[in-house]
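Subject: Structure handover

Hi,

Here is the structure I promised to pass on. Please open it alongside this note; my findings follow below.

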Protein chains: 2
Amino acid sequence: MKTGAGKTGRPISFDKDAALEAAMLLFWERGFEGTSMADLTQAMGLNPSSIYAAFGDKHALFQLAVKRYLASRAQYAVKALEEPTLEGVIRALFDNTVAFLTTPGHPPTCMTLAGAMGCSVDAAPARDLMTEIRRQNEVAIRERLRRAQKSGEFAKDINADDFTRYLSLMLAGLSIQSANGATKAELRRAAQMALRHMGY
Amino acid sequence: MKTGAGKTGRPISFDKDAALEAAMLLFWERGFEGTSMADLTQAMGLNPSSIYAAFGDKHALFQLAVKRYLASRAQYAVKALEEPTLEGVIRALFDNTVAFLTTPGHPPTCMTLAGAMGCSVDAAPARDLMTEIRRQNEVAIRERLRRAQKSGEFAKDINADDFTRYLSLMLAGLSIQSANGATKAELRRAAQMALRHMGY
DNA sequence: GTACATCTGTAATAAGTGCTACGGAATACA
DNA sequence: TGTATTCCGTAGCACTTATTACAGATGTAC
């Protein structure tokens, strides 16, 4: 009963993209464990069998939702790292994060933090996926810093590893602040304070 | 069938303190939603009826566990605020946090972050409690900063509100870093970097 | 020892969990 | 039109969830 690539037969009658978007938003808000398949059927407007046929089981659906999140919402970090100067990178990292967290239409915090922190052993794979993504983000930052060191833009006697963790720590902190209910202006001032203390 | 304060009759036959400690550690690791009553009966070594008689339902037990957590594990923040000088306060805030996060015998992150971020509507009260505690922590920091401003130790033209959020942001960030798997030495260097950037 | 109050363990409750079997509806291709 | 193939909706699966009813055990107070 494999499906999804039928050459013939009845074609799918719903918007797969829209359904996945709805699933992503729900997972984002309630986390893996806090989102039930019943919740998903309602939010996606689909029957269980349609979901399972199109996306697989709950874990697979979560992975697809996360993938969509990374591709459509979390690109602000990648974009920031593409800034030509290091100062531009760091400024963009903070500015984009604040802009992202305060964009209406989705939860006020990062999906990798709301998705699954403390959870049951059944949900451990989802939690580990979230952790892995956070670490990957750090890898990208670290590589950008190394590049800046090679080009002479960033002092070589500063440990890129440590500075990466320091940056990552503050970006995650902004997300928690946002979850706490901080306003856009408040987040912006916090980010400015961080930048000023770093010398920007 | 109310219980717990029986003047006569059979007395409780288990260590209530030890049972609550076990519950607290499990909630800390798995969060409110990721911890089932079945998990709790096993970890606490009690039957469901004993748990319900002694602590109430799951929400009540969670509240008691959080209370215990705050009283027994999260005092490091309160202690830090009692330092006589502002520099002492801020240094202690970071040092104690790192020490706390890396203490063996409990999860590597803060309970208010692992307890419930994204969750179902049923678990929303637990999530709101976690948020409330995080905000209360900020209130305490802010008041300490105001006190330092009055005594002239802290510049009055700095917005205490903003600086509080900035500090809180970094402490939460350390907790996330710890959850990511950062070592004690790595956390310590990150904290040192933060302190240095602030001028300490 | 007797009466009473409470606890303990088992077993069961109703509702919710993720997931699937199945029959019928709908479409593509000949 | 006929046939193959796929999708859709319902209804149900076995299991887990939090919670409680009940019966017997175990203690205190007299």
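Predicted model: local features only at pLDDT ≥ 70, side-chain atom pairs only at ≥ 80, totals over all residues.

Chain A overall

The fold of chain A is built from helices: there are 10 of them, and zero strands. Read from the N terminus, the order is α-α-α-α-α-α-α-α-α-α. Along the principal axes, the C-alpha atoms of chain A fill a box of roughly 60 × 35 × 30 Å. Take the contacts in chain A with a separation of 6 or more: 65% of them join residues 24 or more positions apart.

The accessible surface of chain A is about 9700 Å². Carbon and sulfur atoms supply 51% of that surface. On charge, chain A carries 25 positive and 21 negative side chains. The centres of these two sets lie 3 Å apart.

An interface is often sized by the accessible area lost when the parts come together. For chain B and chain A, that figure is about 3500 Å². Carbon and sulfur atoms account for 60% of it. In residue terms, 39 residues of chain B are in contact with 39 residues of chain A.

Charged pairs also cross this interface: the rule finds four salt bridges there.

Two residues in chain B

First, S50(B). This serine sits in helix α3 of chain B, which covers residues 48-55. S50(B) and F14(B) are 36 residues apart in sequence, and their C-alpha atoms are 9.3 Å apart in space.

Next, K58(B). This lysine belongs to helix α4 of chain B, residues 58-72. K58(B) is buried, yet has no salt bridge. Which side chain of opposite charge is nearest to K58(B)? The nearest one is E33(B), 7.2 Å away. A salt bridge would need a nitrogen-to-oxygen distance within 4 Å.

What surrounds K58(B)? Leaving aside neighbours within four places in sequence, K58(B) is in contact with F27(B), F32(B), E33(B), T35(B) and M37(B). E33(B) is thus on the contact list of K58(B), but K58(B) has no salt bridge.

Best wishes

Notes:
Residues numbered from 1 in each chain as written. Chains lettered and ligands numbered in written order. Heavy atoms only, no water. Helix = DSSP H or I, 4+ residues; strand = E, 2+ residues; numbered from the N terminus. Contact = heavy atoms within 4.5 Å. Areas by Shrake-Rupley, 256 points an atom, 1.4 Å probe, with all protein chains shown as cover. Lys, Arg positive; Asp, Glu negative; His and termini not counted. Charge placed at Lys NZ, Arg CZ, Asp CG, Glu CD. Buried area = accessible area lost by both parts, 1.4 Å probe. Buried < 20%, exposed > 50% of the residue type's maximum accessible area, 1.4 Å probe, protein only.
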